[in-house]
Amino acid sequence: MNKKALKTLEYNKIIALLEQCAGSTQGKAYCRELLPVSDLSQIKRMQAETKDALSRIFKRGSVSFSGITDVRPFLKHLEIGSSLTISELLAIASLLEVAKRVKTYGRSENDLSIEGDHLAHFFNNLEPLTPVCQEIRHCILSEDSIADDASPGLKNIRRQKNVIGERIRTQMNTMLNNNTTRSYLQDGVITVRGGRYCLPVKAEYKNYVPGMVHDQSSSGSTLFIEPMSVVNLNNSLRELELQEAEEIEKILADLSNLVAEHTEEISQDFMILAELDFIFAKGELARKMNAVEPEFHTDGIIHLRAARHPLLDPKHVVPIDLTLGKDYNLLIVTGPNTGGKTVSLKTCGLLSLMGQAGLHIPTKDRSQLSIFDDVFADIGDEQSIEQSLSTFSSHMTNIVHILREVERSSGHYLCLFDELCAGTDPKEGAALATAILSSLHERGVLTMATTHYSELKMYALSTPGVENACCEFSVETLSPTYHLLIGIPGKSNAFAISKKLGLSDDLIADAKTHVTEDDQNFEDLMVDLEQRRVSMMRDSEGIARQKREMEDLQKKLKEREDRLNASKDKILRQANEDASHILQEAKQIADETIRDFNKYSHSNPDIAKMEAKRAAVGKKLADSRKKASVAAKDNDKPKNHKVPKNLRVGDPVKVLSMNINGTVYSLPNARGDLQVQMGIMRSKVNINDLILLEDNDTAAKTTGKKSRYTGNGGFSKAATISPEINLLGLNGDEAVAKLDKYLDDAYVSHLKSVRVVHGKGTGALRKAVHQYLRKQKIVDEFHLAEFGEGDAGVTIVTFK
């Protein structure tokens with residue numbers, strides 16, 4: 001890729017953002033060296049790595065790569081037999097600790113069995129060398145401190161130093177406490193000069209304190225004398241210090257030999273960690289940009305869905321839809337200044353470069369990019385005073401270079417031109433622009449150009465494979481909307497914009513007289529096309545909305561029909577079963593009656609016995625009628641004359657259909673449906689099925705006794721419910737289960753807000769809590785606590 005296009009399209013700014021996401025020096029260096037490539041397999045591999053890193057960030061959070069130092073020069077020292085310094089050994093230990101942390105992160109992710117993951121081999125090849133790291137950390141406490149137990153010899157030497165040092169201090173304190181000697185001293189303190197313990201003696205009394213003079217003050221009034229009584233002790237202490245230094249050198253040499261046995265693994269760890277840092281920087285940048293992986297094709301088609309320029313504020317940037325290379329390979333964009341033409345141009349070029357560099361692009365999914373051997377761009381003011389080039393000459397020099405590069409080989413190119421051939425005579429500029437675009441169009445080069453020339457609009461209308469586009473402009477507000485519209489040429493709206501900026505009507509009227517009738521008719525045609533487009537778009541949106549409403553209604557009717565059919569089948573099945581039982585019973589009675597008739601017809605009948613049997617049959621019929629009557633009465637629900645009004649959350653109620661007392665959990669909706677908590681069960685009932693019970697205070701006054709009703713989650717909890725819940729130490733599922741019950745109790749206790757303590761940690765618990773809170777209807781809003789109130793470790797929840 002040519003460097004001029006990279007700079008023109010501000011690819012370097014994307015790299016700067018990427019570099020900020022890396023945590024190590026080498027990772028940042030990899031980011032700075034990232035350039036677009038044109039090999040499809042390499043692009044797909046880079047995109048897959050970015051996608052897998054982004055997936056891991058979403059599922060496991062980010063992983064820190066801070067603490068990585070390039071230890072390869074230190075390993076070179078070991079190869080020639082040198083020992084490492086304390087700082088170098090600490091750098092290696094820090095690298096191994098990062099390797100352990102990252103490998104653990106990767107192992108946790110591998111447990112999820114991600115199929116086709118492109119980062120697994122990086123994590124698997126890491127060697128944390130935990131014993132080596134632990135040994136270094138055990139022996140070296142900091143850059144200027146070696147542990148006493150780093151070796152038995154060092155521990156013994158330091159023990160002897162402490163003993164001798166204590167004897168020296170005791171001896172010198174005795175001298176300080178002597179009144180005579182103390183009068184000879186400038187200050188009653190013990191000082192150290194050249195590693196020897198000394199006393200600050202006044203110059204005039206130097207002969208009264210026998211010993212060795214090691215230093216004097218700048219004024220000469222004080223001499224620092226080592227008393228003769230501690231000279232031997234100081235000598236012994238100095239010898240021990242030299243032994244200590246030799247022992248430390250031995251310890252460092254042993255540690256260096258231990259590291260030297262694993263130089264290959266350590267070097268490999270550094271390279272893998274730097275590569276992972278670079279890959280996860282791409283994933284983090286994709287997360288910040290809300291970017292997705294594009295689809296790559298070799299058929300020369302660009303299809304961007306809701307593309308956003310990555311350097312603009314995502315809260316204000318207007319997404320554009322852009323297609324190039326399918327039905328047309330040349331797109332001419334027209335419209336007013338500051339309408340978004342150049343941004344559309346840069347968005348197309350920059351996203352192509354990002355995609356070929358393995359970066360995700362800020363668009364909707366299923367966006368497509370083509371692979372280009374090179375991208376050329378002529379955008380911005382290229383005037384050069386040093387080379388005596390005007391704006392037109394500078395642009396034309398760049399265009400000539402682009403045309404030569406395109407003609408030189410038969411590669412696949414993308415050319416972007418902003419205000420092509422502007423800055424010269426309009427007629428000649430339009431003619432040159434048409435010739436240049438025609439040449440590129442004939443070669444099949446994907447080209448996108450912005451212009452104000454009406455001739456190019458006509459060229460696009462009359463040439464196959466060439467399409468007009470414009471940046472939408474609102475005539476009502478006289479301001480651009482920044483939407484890119486394919487298939488419609490734009491109007492410059494110079495007169496309308498000038499009027500809005502304060503130019504007088506007389507000047508504008510005079511200017512219009514200088515516009516030819518053909519030009520005016522053409523511009524009017526553009527306006528008419530735009531108005532028709534807006535009208536058709538509104539009609540299309542209305543039709544689409546009505547279609548969605550009809551589909552929703554049809555779906556509801558289908559669901560209702562299915563429920564009715566299911567209910568009908570159930571009723572018919574039950575009726576058939578009942579009828580079968582009735583027929584079976586009637587058959588049994590008829591059979592028994594026939595048997596009795598035959599029996600009594602051949603003998604003298606017992607009238608009393610026959611009457612008893614007739615009465616029994618009559619009784620069965622009466623019982624059947626009674627059951628039918630009772631069933632009919634059960635089906636006629638009595639009307640509730642005590643439907644409660646002005647219900648509040650927490651009010652005690654009775655559900656008539658269930659004959660169960662409960663507590664109002666939510667207020668009725670438009671249909672009168674609400675949630676009632678009945679013990680551990682929460683059910684949806686209609687207000688017409690409820691009667692309001694007396695609360696505890698009213699019941700006590702009426703009956704003279706204390707009411708036993710408390711209700712599940714009733715007001716009695718208000719006195720004991722805490723305004724804060726602590727979830728520290730719990731996993732996500734445990735925390736959500738505990739938080740669910742607590743919020744129910746707090747809500748029915750009429751607490752306005754509560755504090756949820758989840759801690760900072762890795763952020764996983766806070767994320768689980770926030771995901772749960774977003775789904776709760778009783779929660780009005782939630783936010784992290786202010787500084788001093790818990791910061792990111794506490795979430796404040798406000799109820800509706």
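Which residue of β6 does Pro200 stand opposite? Pro200 faces Phe224 in β6. That pair is a handy way into this structure, which is a predicted model.

Strand β3 (residues 191-193) runs antiparallel to β4, and three bridges join them. Thr191 stands opposite Cys198 in β4. The hairpin of β3 and β4 has two residues between the strands, and Gly194 takes a positive phi near 60° there.

Next comes β4 itself (residues 196-202): six of its seven residues are buried, so the strand is largely enclosed by the rest of the structure. Four bridges connect β4 with strand β6 (residues 222-227), again in the antiparallel sense. Then β6 meets β5 through five bridges, also antiparallel, and here Gly211 has Pro227 of β6 as its bridge partner.

Another open sheet has four strands in the order β22-β23-β25-β24, and its pairing is mixed. Its edge strands are β22 (724-726) and β24 (779-784), each pairing on one side only. Neighbouring strands of this sheet are turned by 20° against each other on average, direction ignored.

Strands β24 and β25 (residues 794-799) pair antiparallel over five bridges; within β25, Ile796 is the bridge partner of His783. Helix α22 (residues 732-748) packs on this sheet and touches β22, β23 (753-757) and β25. Helix α23 (residues 764-774) lies across β23, β24 and β25.

| Helix | Strand | Angle |
|---|---|---|
| α22 (residues 732-748) | β22 | about 170° |
| α23 (residues 764-774) | β24 | about 160° |

**Two helices that cross**

Two packed helices are described by the angle between their axes and the distance between the axes. The axes of helix α2 (residues 11-21) and helix α12 (residues 263-289) come within 8 Å and cross at roughly 110°. Angles of 65 to 115 degrees count as roughly perpendicular, and α2 and α12 are therefore roughly perpendicular to each other. Their crossing is right-handed. From α2, the contact is made by Ile14, Leu17, Leu18 and Cys21, while α12 contributes Phe278, Ala281, Lys282, Glu284, Leu285, Lys288 and Met289. Of these residues, eight are nonpolar, three are charged and none is polar.

**A tyrosine in a loop**

Finally, Tyr328 sits in the loop between β9 (320-324) and β10 (330-334). Is Tyr328 buried or exposed? With 10% relative accessibility, Tyr328 counts as buried, because the cut-off for buried is under 20%. Beyond its neighbours within four places in sequence, Tyr328 is in contact with Thr323, Gly465, Val466, Glu467 and Ile486. Tyr328 and His441 lie 113 residues apart in sequence, and their C-alpha atoms are 9.3 Å apart in space.

Conventions. Residues numbered from 1 in each chain as written. Predicted model: local features only at pLDDT ≥ 70, side-chain atom pairs only at ≥ 80, totals over all residues. Heavy atoms only, no water. Axes fitted to C-alpha atoms, helices over the stretch in contact; angles between N-to-C directions. Parallel < 35°, antiparallel > 145°, perpendicular 65-115°, else oblique. Left-handed = near helix turned anticlockwise from the far one by under 90°. Contact = heavy atoms within 4.5 Å. Nonpolar A, V, L, I, M, F, W, Y, C, P; charged D, E, K, R; others polar. Buried < 20%, exposed > 50% of the residue type's maximum accessible area, 1.4 Å probe, protein only. Pairing = 2+ DSSP bridges.
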